[in-house]
Amino acid sequence: MASYDHKKIEKKWQKEWEKSEIYKTPDEQKSKDNFYALVEFPYPSGNLHTGHWYAFSVPDIFTRKKRMEGKNVLFPIGFDAFGLPAENAAIQRGLSPKKWTYENMDYMRKQIKSIGASFDWSREVITADPEYYKWTQWIFLKFFEKGLAYQAETPVNWCPKDKTVLANEQVVGGHCERCGTEVIQKNMKQWMLKITDYAEKLLEGLEKLNWKDEIKEAQRNWIGKSEGAEIEFEIKDNKSKIKIFTTRPDTLFGATYMVLAPEHPFIENHKSQVTNYKEVEKYINQAKKKTQLQRQKEEKEKTGIELKSIKAINPANNEEISVWVADYVFSGYGTGAIMAVPAHDERDFGFAKKFKLPVKHVIAWESGSKREREERRDGGCAVIFDHQKQKYAFGKTPEGILDLFGGGVGNEDLTRGIKREIEEESGLHDFVSEELLDEALVHYFNYKKKVPRLARATCLLLVLGSDKLGKIAQEDHEDYKILWLDPEEAISYWEERNKDSDYTHWIRFLKRGVNWLVMAGIDTTNKLYPEPTVHTGKGILVNSGKFDGMDSENAKWKIIKFVSGKKAIQYRLRDWVVSRQRYWGAPIPIIHCTKDGAAAAPEKDLPVLLPEIKDYKPYDDGKSPLAKAGKWLKVKCPKCGGEAERETDTLDTFVDSSWYFLRYCDPINKKEFASSAKMKTWMPVDLYSGGAEHTTMHLLYSRFWFKAMFDLGLIPKELGDEPYKERRNRGIILGPDGQKMSKSKGNVVDPDEYVAKFGADTVRMYLAFIGPYNEVGSYPWNPQAILGIRRFLDRVWKIASPRSSTLGVFEDSTPSVLPRGDSARLLNKTINKVGDDIEEFHFNTAISALMMLLNEMEKAGVSSENFSVFLKLLAPFAPHLAEELWSKLGNKNSIHFELWPEYNPKLIEETTFELIVQINGKVRDKFEVPADILEAEATHLTLEREKVKLALENKKPRRIIFIPKRLISLVL
RNA sequence: GGGUAGGUGGCGGAAUUGGAAUACGCGCUAGCCUUAGGAGCUAGUGCCGAAAGGCUUGAGGGUUCGAAUCCCUCCCUACCCACCA
């Protein structure tokens with residue numbers, strides 16, 4: 001059987017390529033444009049997994065094609081070599097992290113080479129190399145000088161097991177990403193980068209970038225911009241004020257209390273005025289001790305405590321409101337204090353309900369449509385529930401119309417008025433509890449009086465103690481019958497009626513009421529509706545003094561002005577904590593002096609080398625193990641010359657990887673991190689391919705880093721301040737069982753095993769064939785399907801082999817079989833399709849096109865000339881096999897620098913096509929016609945067809961639609 | 001709960017963007033060949049039906065001569081975020 005020896009061939013060409021350095025990329029090449037293709041460099045974990053193969057081998061197809069198109073392609077690789085796992089492994093096995101890491105790199109380098117990717121190894125970058133981290137430190141110092149890097153006491157995520165601070169991104173579900181231990185909050189002095197200063201620039205930059213919208217949107221959400229206002233609340237009998245941030249100034253009249261974050265300085269500053277300070281202090285301490293997980297578990301269950309004897313003044317209506325401390329307000333966002341509007345915010349509502357705080361509705365929503373000359377009416381209605389029956393009470397009019405009980409209210413108290421109306425209509429009066437549910441502005445038409453009206457409708461929620469009827473003060477029109485129904489019955493009735501009149505407010509009132517009762521456990525038979533229990537949307541202002549009747553958007557700005565607040569913008573993005581209390585990282589090049597504070601290490605002393613120590617364990621209090629390096633620690637203060645100590649924290653690895661793509665441009669420069677000239681030849685990165693998991697961390701951090709460098713003048717101006725022109729995220733490969741690969745599940749696929757069995761070309765091509773690459777899908781590894789690719793490559797080998805009956809390309813350099821017209825067309829079409837598909841990263845369909853071409857070649861035969869074209873198309877996918885067959889064809893040069901074949905557009909055009917005949921939308925016939933057939937001719941031919949005549953049954957088509965090169969559609 | 005991407009045969013997935021749904025591959029079935037293999041070759045393979053024919057792109061409705069593709073309603077899955085005022 002013609003099965004080729006992949007081991008021999010692949011080894012041979014990998015050696016040959018390395019020897020002849022064909023992938024070594026010069027900075028410039030005559031008459032060739034530069035193209036920078038970047039893949040995320042690996043962490044040297046010790047073994048290359050399927051994910052790495054997917055990350056490296058598939059983009060390699062793209063870069064190979066770019067090269068064949070005549071581009072000078074930079075496709076570099078290196079190692080993100082600092083980081084926790086090295087240290088953990090080292091501590092466990094008593095090795096040095098350096099040794100562990102560098103040995104892993106040696107092994108993985110071999111593995112990566114086995115992929116047959118066209119990486120330029122001469123530009124390899126290793127972040128743990130002093131020649132690299134020297135510049136990491138240098139750039140950090142530039143940031144420090146500019147005030148972009150600073151030290152501050154902040155609550156940080158602390159892993160008690162790893163004894164280190166974790167970035168928010170390293171905390172997964174309240175647990176340490178690495179070891180799974182529950183993460184706690186701890187206050188520590190940390191080095192931070194002011195990424196928040198760049199929040200706006202990072203957002204604006206996205207506008208111009210030609211990235212997929214989903215990636216941009218993910219970054220936007222992460223940055224989390226909110227526009228709103230800062231408003232000050234005065235404290236009664238006190239000169240101080242509390243500033244809050246809100247996105248809904250339009251709800252200010254509904255603010256019935258305030259909440260401060262436990263860390264808010266006001267509390268400490270006013271402890272003497274707080275009569276229950278002891279309890280407050282206790283609450284604050286408890287809140288601080290909570291782990292992230294606890295906070296998440298308790299999510300909806302609010303806790304808090306009132307600052308007794310402290311009252312604030314709502315600046316909108318001068319009402320006195322209480323002040324609370326609760327951990328649902330964060331110190332790190334906004335001003336660490338909020339105004340609480342329980343009627344229009346779910347969190348505030350939950351809190352108000354628990355602590356029985358007042359709820360005041362100030363936003364109503366409109367129902368119905370506005371008419372001319374509306375009469376104003378105020379009134380209300382109620383959702384009435386009998387918990388013994390577990391049913392709701394509705395009124396039925398003599399005309400058979402279903403209503404919520406209620407009616408107009410004059411000058412009397414709203415609640416009392418509504419209840420009076422209800423009693424008059426229904427007789428129900430034994431209400432044991434009542435709640436204010438919602439408000440709506442209802443446009444409706446009163447058919448009796450024949451006038452359009454606008455009613456402000458307040459809805460109450462009433463729970464009955466009993467369904468006893470009182471004396472009904474009957475008025476002539478109020479002869480309702482009580483109906484006890486499930487909410488669904490009423491809702492479907494109203495929805496039906498909605499076709500001619502508008503009852504949306506009742507539907508919403510009822511759903512809100514049901515939700516309220518279900519949550520309170522009073523209604524035990526119904527389920528929650530998806531609608532929010534609280535009206536959080538926009539609407540028309542009510543209960544808001546002179547702003548009544550205005551819409552939210554309008555009122556927002558007017559109210560800010562009214563209370564002398566000011567517009568403010570907040571971001572969810574926090575400053576980036578970059579210090580790690582760990583050994584295996586780049587030392588932060590700072591010197592602490594008791595007199596001068598934190599000072600930059602002198603530039604001439606860079607790199608601040610990582611000292612050799614014996615024990616890599618961090619101190620239990622979180623101090624970095626570098627504090628154990630006695631000699632290294634002690635230095636002279638660069639300012640005063642006195643005794644000083646080095647900073648012992650190291651930099652987060654995200655810092656290392658924030659600029660590695662710049663070093664690739666100029667990897668061995670001793671004087672600069674990279675020269676301007678070389679950055680100009682390569683930057684910005686033309687295409688950055690990586691994992692979706694880095695969208696909001698590495699990708700955002702490195703954009704920030706680049707912008708900051710740009711502003712410092714470290715990046716040539718003409719490059720702009722965005723490092724990546726295009727970014728594409730790939731999907732993930734699952735285990736054969738469709739689950740994420742993991743050792744515990746035992747479904748890990750070892751790529752080396754498959755490379756040994758089938759060869760690198762097969763594995764590469766299988767991964768490219770498995771599904772569309774730049775969609776964030778997930779594809780199970782199918783051990784059977786990979787055989788199909790190997791079969792394909794074997795057939796390629798076979799068709800080229802001298803013994804092949806189809807063709808002996810090696811014995812005869814002249815075409816042995818002339819391709820028929822169809823074959824020539826298919827060949828040209830395939831050139832077109834494969835080229836386009838690779839450009840779009842649709843490798844799966846490109847491969848399918850190659851398979852179809854091979855099928856055709858096997859049937860029809862192929863000239864050696866055309867086979868060479870096929871080989872060129874195959875070369876990016878199966879570089880070893882293509883190179884071998886290319887050389888067997890007698891070529892001395894490498895196929896990988898051949899020009900990408902061009903297709904002949906004329907040959908692609910079809911001279912005929914199959915005309916589809918549709919009759920009433922169904923395919924009834926098809927036949928071959930010339931490609932340029934005109935409508936009249938096509939119609940004529942169609943009507944002559946036997947099948948068509950039969951289907952038409954002597955009827956004449958009412959309409960005929962002819963679509964050139966496709967079909968003709970007859971409508972009877 | 002929010003954001004994003006999706007839902008097409010037994011499986012991975014195609015479909016020129018509104019024009020023959022299921023390309024290509026895996027798997028499966030039958031046959032051939034043989035140096036008995038995870039080999040090769042040939043034919044078949046969405047579903048129902050003996051056939052004519054009918055049905056089919058998560059479910060239901062709509063627009064259209066024509067819908068996987070566009071519009072409404074609903075259901076489900078994956079990833080990320082999650083008390084951010």
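Two strands count as paired here if DSSP finds at least two bridges between them. Helices (H or I, at least four residues) and strands (E, at least two) are DSSP runs, numbered from the N terminus.

## What you're looking at

This is a predicted model, where local features need pLDDT of at least 70, side-chain atom pairs count only at pLDDT 80 or more, and totals for chains, interfaces and linings use all residues. Residues are numbered from 1 along each chain as its sequence is written, chains are lettered from A and ligands numbered from 1 in the order in which they are written, and side-chain values use heavy atoms, with hydrogens and water left out.

Chain A carries 30 helices and 40 strands, and its C-alpha trace spans about 110 × 110 × 50 Å along the principal axes. Of its 972 residues, 54% count as buried (buried means under 20% relative accessible area, exposed over 50%, partly exposed in between, with a 1.4 Å probe and protein chains only). As for contacts (heavy atoms within 4.5 Å), take those in chain A with a separation of 6 or more: 72% of them come from residues 24 or more positions apart.

## Strands β3 and β4

Strand β3 (residues 76-79) runs parallel to β4, and 3 bridges join the two. Pro76 sits opposite Asp120 in β4. Strand β4 (residues 120-126) is mostly covered, with 5 of its 7 residues buried.

## The β28–β31 sheet

Here 4 strands make an open, antiparallel sheet in the order β29-β28-β31-β30. The edges belong to β29 (597-600) and β30 (634-636); each has a single partner strand, so one side of each has no neighbour in the sheet. On average, neighbouring strands are turned by 40 degrees against each other, direction ignored. (Axes are lines fitted to C-alpha atoms, for helices over the stretch in contact, and angles run from 0 to 180 degrees between N-to-C directions.)

Strand β28 (residues 590-593) is joined to β29 by 4 bridges, and the two run antiparallel. Within that pair, His592 stands opposite Ala598 in β29. Helix α5 (residues 130-145) lies across β28 and β29, running at about 130 degrees to β29.

## The loop between β35 and α21

Lys743 is in the loop between β35 (732-734) and α21 (751-758). An unreviewed UniProt entry annotates Lys743 as "binding site"; UniProt positions are given in the numbering used here, feature names are shortened, and annotations may be inferred rather than shown by experiment. Is Lys743 buried or exposed? Lys743 is exposed, at a relative accessible area of 80%.

Asn747 is also found in the loop between β35 and α21, but Asn747 is buried, with a relative accessible area of 7%. Leaving aside residues up to four places away in sequence, Asn747 touches Gly735, Pro736, Asp737, Gln739, Lys740, Met741 and Ser742.

Helix α22 (residues 760-769) packs against helix α25 (residues 843-860) at an angle of about 115 degrees, and their axes are 7 Å apart. From α22, Met765, Ala768 and Phe769 meet Phe843, Asn844, Ile847, Ser848 and Met851 of α25. That contact divides into 6 nonpolar residues, 2 polar and no charged (Ala, Val, Leu, Ile, Met, Phe, Trp, Tyr, Cys and Pro count as nonpolar, Asp, Glu, Lys and Arg as charged, and the others, Gly among them, as polar).

Helix α23 (residues 785-800) holds Lys798, which counts as partly exposed at 46% relative accessibility. Lys798 and Glu858 are 60 residues apart in sequence and 9.7 Å apart in space, C-alpha to C-alpha.

## The β37–β40 sheet

Another open sheet has 4 strands in the order β38-β37-β40-β39, with mixed pairing. Its edge strands are β38 (922-930) and β39 (959-963), each with a single partner strand, so one side of each is left without a neighbour in the sheet. Neighbouring strands are turned by 15 degrees against each other on average, direction ignored.

Strand β37 (residues 912-919) pairs antiparallel with β38 over 8 bridges, and Val917 faces Asp925 of β38. Helix α29 (residues 935-944) lies across β37, β38, β39 and β40 (967-971), running at about 65 degrees to β40.
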